[in-house]
Amino acid sequence: MTSQTVAELHEQARQDYEAFKARGLKLDLTRGKPAPAQLDLSNGLLTLPGEGVYKSADGTDLRNYGGLTGLRELSEIFAEGLQVPAERLLALGNASLTIMHDTVVHALLNGVPGGTGRWLDGERVAFLCPVPGYDRHFAICERFGIEMIQVPMTGEGPDMDVVERLVAEDATIKGMWCVPKYSNPTGISYSDDVVRRLARMRTAAPDFRIFWDNAYAVHHLTDKPAEILDVLAEAEAAGNPDRVFVYGSTSKVTFAGAGVAFFGSSEANVKWMTGFLSKSTIGPDKINQLRHVQFLKDAEGLAAHMRKHAEIVRPKFDAVDRILTRELGGTGLAEWTKPEGGYFISLDVPEGCAKRVVQLAKEAGVALTPAGATHPHGVDPADRTIRIAPTFPVPAELDVAIEGLATCVRLAGYEKQL
Ligand code: PMP
């Protein structure tokens, strides 16, 4: 483009931006929260388990202490989706993030099965962090001084050439974060090849662990659910049965913050985890678990419920794609993902522009996830990735917010080319 064309495009973007700003909007695209309409889908929970109903399938009185590993019938509902046999799938508290956090603490303070000691006693502890990734995973590492080594994401998962090389040569790499299905924030699902290589790769650390955060295991947006390989079975077949910790929750199935979280793994790891749990609790909230069993009923009930979510969420994802294509298609200023599930879309803008876009949007009343949040320590070295969380706003507000965002991308992008 000639410099005059760029100047004209910039001027147009500037005018559009001023007009957008003048509307005095207040819109929020920061976090991946379910919309009230999605929460309404689970209102049936509010009157369950119902008067006089408090027993599990085996006759246990759920009003009392006990049942450390949770209700088996609830684990059975989620076993297929999370790809963990029900007998090794613990149904626990209200947040998978707490379990991930505590797993890291236990590993640091006690070591893990197959290890030579406490992670804390090593010269350093490092985790592989596929980027862009989930900021709360990175925050756990940051909190405990765990070094974060960035690994680029490809269209089918983390770049496995990089992963294999790093874990083979460095015994201080003890862990790796993975969101294998409809990843946060790219929405991509790991290919069979990636899962196989993760399960089989040789690691210098005998106590290396993959933190398999399958937060979006059942959160499909299309009629063709993504299928990923069963990582626990693959790891077991490869002679690495204890390599993977699996996490999941109903936070975006029923009520965010008032659901049930799960932990699944090998027999040795589950025993290890149960040992710690028994020191911190006498048992989870089994009444809430019972409510969930009554409400979801079985794996098909869960799938049917998730289809109702998709009916609400999918039009929002479609709208983001439609508006970005209309406003930014062919400009060369942006690329974005088109997820078939999950909660996020990842938008890449020209290098060095993400912070500027987020700032411009903020000044125009559209709150976005801070630029950099997708990377360790909140710093995106290329300053180009923005996470879009389209679920919470009502459709009309989402449309306006994305139009405004696109205007900010044009303004920041042409500004850079001036
Ligand atoms: N993992 C990922 C990848 C997430 O995106 C989220 C929610 N944004 C969580 C975990 C949090 O899950 P929970 O509510 O079970 O703690």
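Which residues of helix 5 (residues 135–143) are buried? In this predicted model, they are Asp135, His137, Phe138, Ile140 and Cys141. The cover over these buried residues includes helix 4 (96–110), along with strand 3 (126–131), strand 4 (147–154) and strand 6 (173–178). Just past the end of helix 5, glycine 145 has a positive phi of about 70 degrees.

Let's zoom in on one of those residues, isoleucine 140, which sits in helix 5. Isoleucine 140 counts as buried because 20 other C-beta atoms lie within 10 Å, and the cut-off is 20 or more. Leaving aside residues up to four places away in sequence, isoleucine 140 touches Met100, His101 and Val104. Isoleucine 140 is also 43 residues from leucine 97 in sequence, while their C-alpha atoms are 9.2 Å apart in space.

Leucine 97 turns up again around the ligand, in a shell that also includes Gly32, Ala95, Ser96, Tyr134 and Asp213. Sorted by class, that shell has six nonpolar, five polar and one charged residues.

Next, a pair of helices. The axes of helix 11 (residues 299–328) and helix 13 (residues 395–417) come within 9 Å and cross at roughly 30 degrees. Angles under 35 degrees count as roughly parallel, so helix 11 is roughly parallel to helix 13. Their crossing is right-handed.

| Residue | Backbone feature | Loop |
|---|---|---|
| Proline 49 | cis bond from leucine 48, omega near 5 degrees | between helix 2 (36–40) and helix 3 (72–82) |
| Proline 132 | cis bond with valine 131, omega about 0 degrees | between strand 3 and helix 5 |
| Glutamine 83 | positive phi of about 55 degrees | between helix 3 and strand 2 (89–91) |
| Aspartate 383 | positive phi of about 45 degrees | between strand 12 (366–368) and strand 13 (385–388) |

Are they buried or exposed? Glutamine 83 is buried, with 24 other C-beta atoms within 10 Å. Aspartate 383 counts as buried too, with 20 C-beta neighbours inside 10 Å.

Note on methods:
Residues are numbered from 1 along each chain as its sequence is written. This is a predicted model: local features need pLDDT of at least 70, side-chain atom pairs count only at pLDDT 80 or more; totals for chains, interfaces and linings use all residues. Axes are lines fitted to C-alpha atoms, for helices over the stretch in contact, and angles run from 0 to 180 degrees between N-to-C directions. Helices (H or I, at least four residues) and strands (E, at least two) are DSSP runs, numbered from the N terminus. Angles under 35 degrees count as roughly parallel, over 145 as roughly antiparallel, 65 to 115 as roughly perpendicular and the rest as oblique. A crossing is left-handed if the near helix is turned anticlockwise from the far one by less than a right angle, and right-handed if clockwise. A residue is buried if 20 or more other C-beta atoms lie within 10 Å of its own, exposed if 12 or fewer, and partly exposed in between; C-beta atoms are placed from the backbone. Two residues are in contact if their C-beta atoms, placed from the backbone, lie within 7 Å. A residue is near a molecule or strand if its C-beta atom, placed from the backbone, lies within 6 Å of it. Ala, Val, Leu, Ile, Met, Phe, Trp, Tyr, Cys and Pro count as nonpolar, Asp, Glu, Lys and Arg as charged, and the others, Gly among them, as polar.
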